[in-house]
Amino acid sequence: MKKSHFIMFILGLACFIPTAARTVSGPYLDSSLSPDQRTADLLRRMTLEEKVGQLLCPLGWEMWQRDGSSVGPSQKFRDAVATRHIGMLWATFRADPWTRKTLANGLDATLSARCANALQRYVIENTRLGIPIFLAEEAPHGHMAIGATVFPTGIAMAATWDTDLIRDMGAMIGREVRTRGAHISYGPVLDLARDARWGRVEETFGEDPFLAGEMGASMVTGLGGGKLSEPYATIATLKHFLAYGSSESGQNGNYTAAGMRDLLQYFLPPFRRAVEAGALSIMTSYNSIDGIPCTANSFLLRDVLLDDWKFRGFTVSDLYSIEGLYETHAIAADSAQAACRAIEAGCDVDLGGDAYVNLIKAVQEGRIDVSYIDKAVAHVLRLKFEMGLFENPYVDVAKAAETMADADTSSVALRAAREAVVLLKNSASVLPLGADIKRVAVVGPSAHNVYNLLGDYTAPQPADHVTTVLDGFRQILGDDRVIYAKGCAVRDTASADIQQAVDAALSADAVVAVVGGSSARDFDTEYIATGAAVINKPSISDMDCGEGCDRSSTALLGCQLQLLEALKATGKPLIVVYIEGRPMDKNWAADNADALLTAFYPGQAGGRAIAEVITGRYNPAGRLPMTVARSVGQLPMFYNKRAPKFHNYIDCDASPLYCFGYGLSYTEFAYSDLQLARSADGGATVSFTVTNIGNIDGSEVPQLYVRDLQASVVQPLKQLKGFTRVHIPAGESTRISFSVSPEDLSIVDARYRTVFEPGEFLFMVGPDSDTVALSATIAL
């Protein structure tokens with residue numbers, strides 16, 4: 001036996017042979033008692049050090065070591081258990097350039113399950129109280145682990161406008177997270193994205209609180225809805241609390257200028273909706289609001305969450321955001337004072353695990369009362385009991401691989417990618433491509449790039465796990481009918497070969513140019529401690545989006561515009577597809593392309609979905625979840641601004657290039673027979689008929705907008721209050737109904753009270769936020 005293998009063998013034995021078995025017993029081990037009773041009993045038995053340990057969540061990928069198919073606790077993990085009594089780990093199975101975990105040295109599903117069991121067993125059998133450990137994992141669009149399914153990112157999910165789909169996706173994510181041995185899923189991201197310059201737009205559900213709330217609630221429901229006794233239920237962690245996506249200048253973590261009324265009316269409702277759906281964890285954000293960093297904001301973490309919403313889960317800092325109270329925001333003298341400020345404000349768990357170790361000394365010196373720690377620890381322990389970890393801490397290793405990226409999850413991934421594609425322009429019905437198109441040129445920097453389709457928070461992928469756009473066209477049309485040329489990179493200009501792309505176009509009957517941006521991380525990019533990328537001037541990677549990748553413009557980078565201009569000059573039909581994490585500048589394509597689509601980051605099945613849409617195998621019905629501006633000078637831009645209306649700039653039309661909710665189809669729909677009536681609860685019911693008047697079966701997304709015509713404080717010009725995605729065969733009709741309650745029509749008045757004010761309301765129905773197909777006014 002090799003020496004290294006012998007060492008791992010001995011380490012493996014140490015994981016499964018108890019060296020200091022649980023020495024304390026008591027009612028907390030009695031499963032017949034309620035979680036609250038068990039929590040109270042366990043809490044009174046814990047030392048101060050053990051309590052603080054439950055609030056520490058260090059980096060998980062440093063806590064295991066692997067030798068071939070053997071995996072066990074690292075010395076760092078053993079030390080953390082012995083000296084810090086840790087109760088939680090983050091990103092144990094994460095693999096990406098930041099963690100330096102790859103397909104070769106990372107953990108697949110089987111190894112993940114073995115690792116989880118080994119870590120769990122070590123903690124239970126080598127600590128006085130035997131408290132199981134929580135494993136938290138990134139899962140905003142699929143578990144960020146080797147072999148897991150990669151779904152479309154949040155902004156693409158929102159483009160589907162399909163809550164049933166998002167619920168199904170959540171169920172798949174929960175199953176993949178839990179079968180590996182993890183318990184907490186980070187996501188969904190409920191930040192409202194109003195500024196396309198911000199690098200993390202891709203993670204969000206867009207600009208609207210109603211859409212984000214419905215999508216978020218559906219994801220949480222799929223993740224188990226807080227029913228932790230269910231085998232695949234996770235503790236869904238909502239990100240980022242609060243108003244993180246509306247920071248000044250689109251800069252990540254920058255100051256957020258938002259008044260109390262905007263917080264109550266726009267930014268808080270999506271989180272509340274998801275909490276009502278069963279979310280049991282909320283992550284604070286890096287930004288400050290009105291001078292108060294969100295990680296130390298007692299109004300948000302105590303007054304809103306605990307007192308108003310009766311939130312029964314726990315809060316967690318964003319990575320090292322507690323240290324940020326003194327390192328970034330300068331409201332604390334050091335890490336110890338920052339820890340005190342955060343725990344007093346209501347931040348329960350320290351992600352990173354370095355700041356809250358200071359709480360032990362702070363309590364001992366009388367600088368903070370131990371009751372703050374007790375309350376935070378109770379929030380965590382209660383959920384461990386609810387999940388049944390004390391009775392069932394281990395997972396079935398054999399089952400882990402069986403559930404990874406199976407036929408069911410792959411089917412949902414393809415369905416999601418199809419539904420996310422938004423058709424923005426289709427001149428002369430150039431799409432779908434007809435039988436006269438014998439050969440297609442597929443070109444552009446993202447035409448055959450696996451990682452450009454996937455977005456940030458994605459693990460390394462096996463070569464056959466992702467279908468590129470080129471792959472999709474070859475699968476449908478055959479190799480002999482598809483020609484490929486990259487043309488240029490997303491950012492790099494040195495490697496461009498535009499003439500090669502032009503030659504390919506000249507030899508084809510139509511051109512599909514796949515351009516845009518990328519959140520693809522690579523091993524040459526530098527990362528700071530929080531995992532955010534550092535963009536250095538010499539860098540020539542494709543990455544122009546993702547955490548830490550904010551931009552001063554939304555224009556195509558590198559030689560991409562020159563590529564499009566050269567392709568246009570060939571005279572061949574030009575179909576432009578944007579792969580993007582933010583709504584990029586599309587002015588040139590809107591004016592010059594024959595057809596224009598965006599798929600955002602469509603995930604592992606994105607290439608197939610795009611090819612199906614362009615060739616007519618699938619009729620698109622995606623809708624924009626975020627306004628596309630004409631100019632970066634319009635940012636931040638969002639449809640539901642408060643009155644008055646926009647007026648034109650002297651150098652630019654003030655209207656958006658493409659409005660919120662916009663998207664085309666290969667068929668046409670007509671709206672008719674609007675019925676609006678008061679409901680028994682004092683609200684209103686609205687119903688209408690949608691008819692597919694075209695010759696192709698298709699899906700429509702009817703949208704209901706409401707305007708309060710006169711209120712005591714200024715209101716939005718319109719606000720989304722209902723939507724549905726419905727499939728309607730050609731020539732057939734469907735009756736659509738929405739109910740709007742008085743609560744749905746409430747406002748935040750001058751005294752910051754949420755109230756319903758009687759008056760007249762304008763109800764507007766149509767296919768997007770700018771098109772009013774039917775409308776009526778009602779007094780309520």
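Modeller: Buried means under 20% relative accessible area, exposed means over 50%, and partly exposed lies in between, with a 1.4 Å probe and protein chains only. Of the 780 residues of the chain, 63% count as buried. This is a predicted model, in which local features need pLDDT of at least 70 and side-chain atom pairs count only at pLDDT 80 or more, while totals for chains, interfaces and linings use all residues. Residues are numbered from 1 along each chain as its sequence is written, and side-chain values use heavy atoms, with hydrogens and water left out.

Biologist: How many helices and strands does the chain have, and what is its radius of gyration?

Modeller: Helices (H or I, at least four residues) and strands (E, at least two) are DSSP runs, numbered from the N terminus. The chain has 22 helices and 31 strands. The radius of gyration is taken over C-alpha atoms, and the globule rule is 2.2 Å times the number of residues to the power 0.38. The chain has a radius of gyration of 27 Å, close to the 28 Å given by the rule for 780 residues, so it is as compact as a globular protein of that length. Along the principal axes, its C-alpha atoms fill a box of roughly 75 × 70 × 45 Å.

Biologist: What is the order of the strands in the open sheet of three?

Modeller: Strands of a sheet pair through backbone hydrogen bonds, either parallel or antiparallel. Two strands count as paired if DSSP finds at least two bridges between them. Here the order is 21-22-27, with antiparallel pairing. Strand 21 (669-678) and strand 27 are at the edges with a single partner strand each, so one side of each has no neighbour in the sheet. From one strand to the next, the twist averages 20°; axes are lines fitted to C-alpha atoms, for helices over the stretch in contact, and angles run from 0 to 180 degrees between N-to-C directions. Eight bridges link strand 22 (residues 684-692) with strand 27, and A684 stands opposite V740 in strand 27.

Biologist: Which strands form the edges of the open sheet of four?

Modeller: That sheet has the order 25-24-30-31, again with antiparallel pairing. Its edges are strand 25 and strand 31 (774-779), each of which pairs on one side only. The twist averages 25° from one strand to the next. Strand 30 (residues 760-766) runs antiparallel to strand 31, joined by six bridges, and E760 has A779 as its bridge partner.

Biologist: What volume does the largest pocket have, and which residues lie nearest its centre?

Modeller: On a 1 Å grid over the protein atoms alone, a cavity is a set of points where a 1.4 Å probe fits but cannot get out, and a pocket is an open set with protein on both sides within 12 Å along at least five of seven lines; lining residues have an atom within 4 Å of a point. Grid points are joined across faces, edges and corners, and a volume is the space filled by probe spheres set on the points. The largest pocket has about 1000 Å³. Its lining has 37 residues, with Q265, P269, K721, E743 and S746 nearest the centre. Among the elements that give two or more residues to this lining are helix 9 (260-267), helix 10 (269-276) and strand 25 (719-723).

Biologist: How many cavities are counted?

Modeller: There are six cavities of 30 Å³ or more. The second largest cavity has a volume of about 80 Å³, and its lining includes A196, T554 and R630.
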